[in-house]
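Let's walk through this structure together, starting with the overall fold and ending with the charged side chains. Keep the model open beside you as you read.

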Amino acid sequence: MNATTTRGALLAALACVLVGASFTANSVLGDYPYAGGQFLRYGLACLLLVPLAAKGSAARLRALTPGQWVRLALLAAVGMVGFNLAVIAAERTAEPAVPGVFVGCAPVVVAVLVPLLDGRRPQRAVLYGALLVAVGACTVQGWGRTDGAGIAFSVCALAGEVGFAVLAVPVLRPLGPRLLSATVCAVAALESAAAGLLADGAGWLRRPDAVETSALLWQAVVVTVVGFVCWYMGMQRIGAERATLFSGLIPVAAACTAPLVGTGSYGLAQAAGSALVGLGVALGSGALTRTGRGGPSVIRADGRTPPAAAFRGNGRPEGRGDAASGMPE
């Protein structure tokens, strides 16, 4: 792996570890209005992200087409607000492991869907790595009690996880990771407010207590601001297919941190699943690809390795380095 792909892999891994470690924060928000919590989380994240956006952000937003704005609205509705709502709905009749197992299959779906949308064939190394990641994630979480509704909402959660990566691909280049994160957080906050007013009326938002405030701050500052920017910066460098491989680290991080707060244990199954996830990530990301000194570690869809190539937001190899690509940070 060259410097660009290594940095991209580390950024994607950090983002997924932060999400996995945030499950404890989610557990203390069970009594807080869902839409109100999402509004506070994404609204605060947007306010923190706006100063981080590069100069010329207003011009880049004005240059977006109506179709790109629709895509941003879908990204926020499906990959953010809808995903969280689907997980909560699934856990009403299913044990948490059930939606986790379905979401763990996201790398396989993305490994197939993104190349097809891009007019190329899925890469075998990425697909095999995604299968190992999915099996490892399922091994870490196990399976639990569920019913038809739990499975249906778990499938919706899977769609949300896939949409969070796939829908962002065409808008990552014109906006860049920071502005994209700020924009979708603003849209998600507005969508949450609208959903809360329609579903809960005046009770959609209330003042959180001290514990809920801490959990919402963690979600907004760490998981959303830091996690989203790292995720899209990683996806910018290694592509959606390889970045989504690292989502297998979400259940691994959750399993590793659960014993610290007394909500679970880390045993043989979790260790075996973690090893499978690590092997799948290494295989699919190209870390196991043998290259010559100074050579690239990424592979084109036709099996050849282009000189000084790095995977960008749409999965196509481009010139190494951020300045060379002209993509905003």
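**A guided look at the fold**

In the protein chain, 83% of the contacts with a separation of 6 or more are between residues 24 or more positions apart; contact here means heavy atoms within 4.5 Å. What you are viewing is a predicted model, in which local features need pLDDT of at least 70 and side-chain atom pairs count only at pLDDT 80 or more, while totals for chains, interfaces and linings use all residues. Residues are numbered from 1 along each chain as its sequence is written, and side-chain values use heavy atoms, with hydrogens and water left out.

The protein chain holds 14 helices and 2 strands, which are DSSP runs numbered from the N terminus (helices are H or I, at least four residues; strands are E, at least two). Of its 329 residues, 51% are buried, where buried means under 20% relative accessible area, exposed over 50% and partly exposed in between (1.4 Å probe, protein chains only).

Now look inside. In soluble globular proteins, nonpolar side chains tend to be buried together. The largest nonpolar core here has 68 residues, and Met 80, Leu 180, Trp 231, Tyr 232, Met 235 and Phe 246 touch the most other members. Apart from it lies another core of 5 residues, including Phe 83 and Val 103. A nonpolar core is a set of buried Ala, Val, Leu, Ile, Met, Phe, Trp, Tyr and Cys residues joined through side-chain atoms within 4.5 Å.

A polar side chain is worth a stop too. Ser 192 sits in helix H10 (residues 169-200) and counts as buried because its relative accessibility is 1%. A polar atom of the Ser 192 side chain lies 2.8 Å from the backbone oxygen of Ala 188. Leaving aside residues up to four places away in sequence, Ser 192 touches Ala 35, Gln 38, Phe 39, Val 81 and Trp 204.

Finally, which residues are linked in a network of salt bridges? They are Asp 118, Arg 120 and Glu 241; a salt bridge is a side-chain nitrogen of Lys or Arg within 4 Å of a carboxyl oxygen of Asp or Glu. Between Asp 118 and Arg 120, the closest N and O atoms are 2.9 Å apart. Glu 241 meets Arg 120 at 2.7 Å, N to O. Glu 241 lies in helix H11 and Arg 120 in the loop between helix H7 (106-117) and helix H8 (124-141), so this pair ties together parts 121 residues apart in sequence. Glu 241 is buried, at 2% relative accessible area, and Arg 120 also counts as buried, at 14%.

Technical notes
A polar contact is a pair of N or O atoms within 3.5 Å; within protein, one must be able to donate a hydrogen and the other to accept it, and residues adjacent in sequence count only if both atoms are side-chain atoms.
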